[in-house]
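Visitor: I have a structure to go through with you. Can we take it a piece at a time?

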Amino acid sequence: MKHEKTNHYRVNEQIRVKEVRIVSDNGSTVIPTRQALEMARNEGVDLVEISPNAQPPVCRLIDYSKFLYQQKKRAKELKAKQVKQEVKEIRFGPQTDEHDYNFKLKHAKEFLEEGNKVRAFVFFRGRSILFKEQGEVLLLRFANDLEEYGKVEQMPALEGKRMFIYIAPKKSGVVKKSQQKLDRERREAEAKAQQKLQQSNAETSDDNGIPTSGGLFANAKNGADALKKLNESNEQ
């Protein structure tokens, strides 16, 4: 049987070593290459070298077309088993309130649990870029709230009018929070959101229409604790 020189495996007369190790379901044996070629011809199959760097090289007696099909099928099965990781985006605006924040936090947790990465960013419009420090505070708080689900790959960085942070999922086996704890945290978040909503009713804006409080500023007081916890988790 003739084979193209571009084949990945050496076959039959392409194998020019003195002896080879023949492997089969019954074990393995070392024999002269000439004898192995004779065995292949008698059985109507090919002598296929599967481990050229072994001493001596390891070969199989098998139909080469069947061998290539098996290799292709095995590679396809391995690829199918691999989890495809995607990068999911979470966008925050300069006026992100507590309700919107918690809504996006929930989605980020789901993305990380599914094995995807999360790229969160704050988009600054116009003069709101002056308050990029508050954007950093928000993203650090976001990373801190996700510490049980993911680990920060890249700290907040400003790129044009956007400030990004990248969070990768933690390895499988991370203990999830109990439903009781999740319910308690949800109630606490709702209570905080209601409190902030009441506070925002009394807040005003400057002459340029940029809020002097609320939005990103409502998250500022969480920044110091978030940064401290985040640094501690990264050091572990």
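Guide: A definition to begin with: two strands pair if DSSP finds at least two bridges between them. Helices (H or I, at least four residues) and strands (E, at least two) are DSSP runs, numbered from the N terminus. In S8, Phe-123 has Arg-162 as its bridge partner.

Visitor: What kind of model is this, and what are the ground rules?

Guide: This is a predicted model, in which local features need pLDDT of at least 70, side-chain atom pairs count only at pLDDT 80 or more, and totals for chains, interfaces and linings use all residues. Residues are numbered from 1 along each chain as its sequence is written, and side-chain values use heavy atoms, with hydrogens and water left out.

Visitor: What is the mean pLDDT?

Guide: The mean for the protein is 78, and 68% of its residues reach 70 or more. pLDDT is the predictor's confidence in each residue, from 0 to 100.

Visitor: Where does pLDDT stay under 50?

Guide: One such stretch is residues 209–218, for which the model has 29 contacts beyond four places in sequence. Residues 1–6 also stay under 50, with nine contacts beyond four places in sequence. Contact means heavy atoms within 4.5 Å. Where pLDDT is low, the predicted coordinates should not be read in detail.

Visitor: OK. How many helices and strands?

Guide: Seven helices and eight strands.

Visitor: Which strands form the open sheet, and in what order?

Guide: The order is S5-S6-S8-S7, with mixed pairing. Strand S5 (87–92) and strand S7 (150–159) are at the edges with a single partner strand each, so one side of each has no neighbour in the sheet. On average, neighbouring strands are turned by 20 degrees against each other, direction ignored.

Visitor: Which helices pack on that sheet?

Guide: Helix H3 (residues 98–113) touches S5, strand S6 (117–123), S7 and S8, and its direction makes about 170 degrees with that of S5. Helix H4 (residues 132–145) also packs on the sheet, touching S5, S6, S7 and S8, at about 10 degrees to the direction of S8. Axes here are lines fitted to C-alpha atoms, for helices over the stretch in contact, and angles run from 0 to 180 degrees between N-to-C directions.

Visitor: Back to S8. How does S8 pair with S7?

Guide: Strand S8 (residues 162–169) and S7 are antiparallel over seven bridges. Ala-157 stands opposite Phe-164 in S8, and Glu-159 has Arg-162 as its bridge partner. The hairpin of S7 and S8 has two residues between the strands, and Gly-160 there takes a positive phi near 70 degrees.

Visitor: And S6 with S8?

Guide: S6 and S8 are also antiparallel, over six bridges.

Visitor: How many residues of S8 are buried?

Guide: Six of the eight, so S8 is largely enclosed by the rest of the structure. Buried means under 20% relative accessible area, exposed over 50%, partly exposed in between (1.4 Å probe, protein chains only).

Visitor: Now helix H1. Which of its residues are buried?

Guide: In helix H1 (residues 33–43) they are Thr-33, Ala-36, Leu-37 and Ala-40. They cover an arc of only 100 degrees around the axis, which puts them on the same side of H1. The arc is that of the directions from the helix axis to the C-beta atoms.

Visitor: What covers them, and what is on the face turned away?

Guide: The cover includes strand S1 (19–24), strand S2 (27–32), strand S3 (46–51) and strand S4 (58–62). The face turned away from the buried side carries the exposed residues Arg-34 and Asn-42.

Visitor: What follows H1?

Guide: Gly-44, with a positive phi near 70 degrees.
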